[in-house]
Amino acid sequence: QVQLVESGGGLVQAGGSLRLSCAASGRTFTNYRMGWFRQAPGKEREFLAAINWSDGSTSYADSVKGRFTISRDNAKNTVYLQMNSLKPEETAVYYCAARVVFKRDYDYWGQGTQVTVSS
């Protein structure tokens, strides 16, 4: 049974930083791509960043490029999202997700972690 557990959310002032973690378990993720998303109240879910577990190749949404960094620790089966220069409008629930590399849709989702950016 696949489990993705996010942590690291909280309250931060505008311009501050947070690092989110996603602990993955339940299978081998070698052929998987891990992604981070967020959803603010009343808004659609937004893709932020993704990383291939095997080779570490990454992609980012334009809105976070240069401020957010996705990384993974194979030994700990954990994916991270380092977020810098946070803005109040980035207040949202942040989710970790996983999909097989060649698939389009994400199969597994975490429960989410709240990030609140105060002005």
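Colleague: How many bridges join strand E1 to strand E3?

Modeller: Bear in mind that this is a predicted model. E1 covers residues 3–7 and E3 covers residues 18–25, and the two run antiparallel.

Colleague: OK, on to the largest nonpolar core. Which residues touch the most other members?

Modeller: The core has 31 residues. Buried here means under 20% relative accessible area. The members with the most contacts to other members are Met34, Trp36, Leu81 and Met83.

Colleague: Which strand gives the most to this core?

Modeller: Several strands supply at least two residues each, including E3, E4 (32–39), E5 (46–52) and E7 (68–73). E8, E9 (92–100) and E11 (113–118) also each supply at least two. The one that gives the most, with 5 residues, is E9.

Colleague: Let's do the rings. What kind of pair do Phe37 and Phe47 make?

Modeller: A search of the whole structure turns up 7 aromatic pairs. For Phe37 and Phe47, the ring centres are 5.6 Å apart and the planes sit at 70°. Planes over 60 degrees apart count as edge-to-face, so this pair is edge-to-face.

Colleague: How many residues apart in sequence are the parts this pair ties together?

Modeller: Phe37 lies in E4 and Phe47 in E5. So the pair ties together parts whose separation in sequence is 10 residues.

Colleague: Is Phe47 buried or partly exposed?

Modeller: Take Phe37 to begin with: at 9% relative accessibility, it counts as buried. Phe47 comes out at 29%. The buried cut-off is under 20%, so Phe47 counts as partly exposed.

Colleague: What about Phe37 and Trp109, what sort of pair is that?

Modeller: Their ring centres are 4.9 Å apart, with the planes at 55°. The pair links distant parts of the chain, with Phe37 in E4 and Trp109 in E10 (residues 108–109), 72 residues apart. Trp109 is partly exposed, at 31% relative accessible area. Under 30 degrees would be stacked and over 60 edge-to-face, so the planes at 55° make this pair tilted.

Colleague: Which charged end sits over the ring of Phe37?

Modeller: There's a case of a charge over a ring elsewhere too: the charged end of Arg99 sits over Tyr106, 5.2 Å from the ring centre. Over Phe37, the distance to the ring centre is 5.9 Å. The charged end there belongs to Arg45.

Colleague: Last one, the disulfide. What handedness does the link of Cys22 and Cys96 have?

Modeller: The count comes to 1 disulfide, joining Cys22 to Cys96 with S to S at 2.1 Å. Cys22 lies in E3 and Cys96 in E9, so the pair ties together parts that are 74 residues apart in sequence. Both cysteines, Cys22 and Cys96, are buried. With -70° about the S-S bond, the link is left-handed.

How values were computed: Residues numbered from 1 in each chain as written. Predicted model: local features only at pLDDT ≥ 70, side-chain atom pairs only at ≥ 80, totals over all residues. Heavy atoms only, no water. Pairing = 2+ DSSP bridges. Helix = DSSP H or I, 4+ residues; strand = E, 2+ residues; numbered from the N terminus. Core = buried A, V, L, I, M, F, W, Y, C linked by side-chain atoms within 4.5 Å. Buried < 20%, exposed > 50% of the residue type's maximum accessible area, 1.4 Å probe, protein only. Phe/Tyr/Trp six-rings, centres within 6.5 Å; stacked < 30°, edge-to-face > 60°. Lys NZ or Arg CZ within 6 Å of the ring centre and 35° of its normal. Disulfide = S-S within 2.5 Å.
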